[in-house]
Amino acid sequence: MKKIKPPSRKAQFLLPALVPVYFMAAGIIQQPIHLLWEGLLTILREPDFLITDYFEIGGPGAAFLNAGLVTLLCLLIIYKLGMEINGHTITSICLMFGFSLFGKNVLNIWSILLGVFLYSKYHKTSISKYIYVGFYGTSLSPIITELMQVGHLPVPVRLLLAVVTGLVIGFVLPPLSTHVYDSHKGYSLYNVGFAGGIIATVVMSLFKSFGHEFESRLFWSTEYTARMAVIMGIFLCLLIVFSLYPSPKRTLRSYAEILRSPGIGGTDYIKSEGMRPVLLNMAVNGIFATGFVLLVGGDLNGPTIGAIFTILGFSATGKHLRNIAPVMFGVWLASLTKTWNIADPSAILALLLSTSLAPIAGRFGVVWGMIAGFLHSSVALNVGVVYSGMNLYNNGFAAGLVAIFLVPLIQSFADRKARANGDISL
């Protein structure tokens, strides 16, 4: 079999860069140019905590422009640091794009990233070791925007408060993220989301104790589903084309290996199987997730496309059809018995982002995966109140709690004798 020449480093970065370019081009078609800039300015000024759909407040064109700029800037940082493309690159870039449709923007992410940089300097290590933690940690960027809205304080004080808070968040993220991983053992893929939930709870409690109140909000667009289905459909078909060229049999064989993986946190499918099988995995997962949203009557907008992009991103580091489907069906089954509708905003996000628990289905099977999804739906829809929606990865925090609760229980059923003979930790 003819050996395929690996692409150059520039070519490796070109492919992920085409993703934001595609959606920016699609965004330009959605809105006139002058409305694009007006919409982008509105996005930068508005509070961003859950749920703030940038499609609704700035328009889909401005939302895609913001997401594209954020993603390209992050790719440029990775490139300038001399890093190579791997599974975690794809995951972080997809998350930066997706959540820049409903919470992150080109202004509110930088102080947190600078805090992570200061942490690396303090410990005399390369920022490349922590850059992905920094990207994930921008899930707390709505805190930065919110602090700029504290009306009774002078602008310089607000700016200083926002920057210092971002630096502190970024500085504590790396050690906390490392520490909390041990609590769920990789069975929740959104590890930084779990750490972010803890940080957000502490920060919000501090500000509430000083009398600052945080109002809940819901900006959720419903008018763009049809056109977004077309845009996403074309994009996912392009992924399939890129994945199968020039050797479809090789791609399919490697994709079969991905399907056999449990997907526990730390997995890197690009390292083990290569880029093309990962692209196919992303396409299959994306088609399944998008189709699921449409079948249950959900909307395609900033938050849901962002959640779908989270699935696409983690398709390089743990998710595949065999381990996400049981968890999602568990959430859907929960909707048949509980007081909310699966197409409700928070519920549809829980449906998509519950796939953080995919490793449970991958390791322990379909039934436990469905139980995990069932439990996740309840936790995710209630836990955000503790930090007033300031952690964009709310489902990451919820999934961490579910994994910590459920995995020891599963293991106790799997090995009763070992548990019975083990020491009890008090």
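This is a predicted model: local features need pLDDT of at least 70, side-chain atom pairs count only at pLDDT 80 or more; totals for chains, interfaces and linings use all residues.
**Rings and a nonpolar patch**

Lys338 lies over the face of Phe374, 4.3 Å from the ring centre. Another is Arg9, whose charged end sits over the ring of Tyr79, with 4.3 Å to the centre.

Now to rings beside rings. A pair of this kind is described by how far apart the centres are and by the angle of the planes. The count comes to 27 aromatic pairs. Take Phe99 and Tyr393: their centres are 4.7 Å apart and the angle between the planes is 65°, an edge-to-face pair.

Phe235 is in helix 11 and Phe309 in helix 15, so the pair ties together parts 74 residues apart in sequence. Phe235 has 5% relative accessibility and counts as buried; Phe309 is buried too, at 1%. Both rings belong to one aromatic cluster, which also includes Tyr22, Phe23 and Tyr224.

Last, the surface. A nonpolar patch there covers about 790 Å², and among its residues are Leu114, Leu118, Val164 and Phe171. Helix 6 and helix 9 are the elements that give two or more residues to it. Which helix gives the largest share? Helix 9 does, with 5 residues. Leu118 is in helix 6. Leu118 has a relative accessible area of 37%, so it is partly exposed.

How values were computed:
Residues are numbered from 1 along each chain as its sequence is written. Side-chain values use heavy atoms; hydrogens and water are left out. Patches are made of residues with over 30% relative accessible area and no salt bridge: like charges are joined within 9 Å, nonpolar side chains (Val, Leu, Ile, Met, Phe, Trp, Tyr) within 5 Å. Accessible areas come from the Shrake-Rupley method with a 1.4 Å probe; for residues, only the protein chains shown count as cover. A salt bridge is a side-chain nitrogen of Lys or Arg within 4 Å of a carboxyl oxygen of Asp or Glu. Helices (H or I, at least four residues) and strands (E, at least two) are DSSP runs, numbered from the N terminus. Buried means under 20% relative accessible area, exposed over 50%, partly exposed in between (1.4 Å probe, protein chains only). Rings of Phe, Tyr and Trp (its six-membered ring) pair if their centres lie within 6.5 Å; planes under 30 degrees apart count as stacked, over 60 as edge-to-face and the rest as tilted. A charge sits over a ring if NZ of Lys or CZ of Arg is within 6 Å of the ring centre and within 35 degrees of the ring normal.
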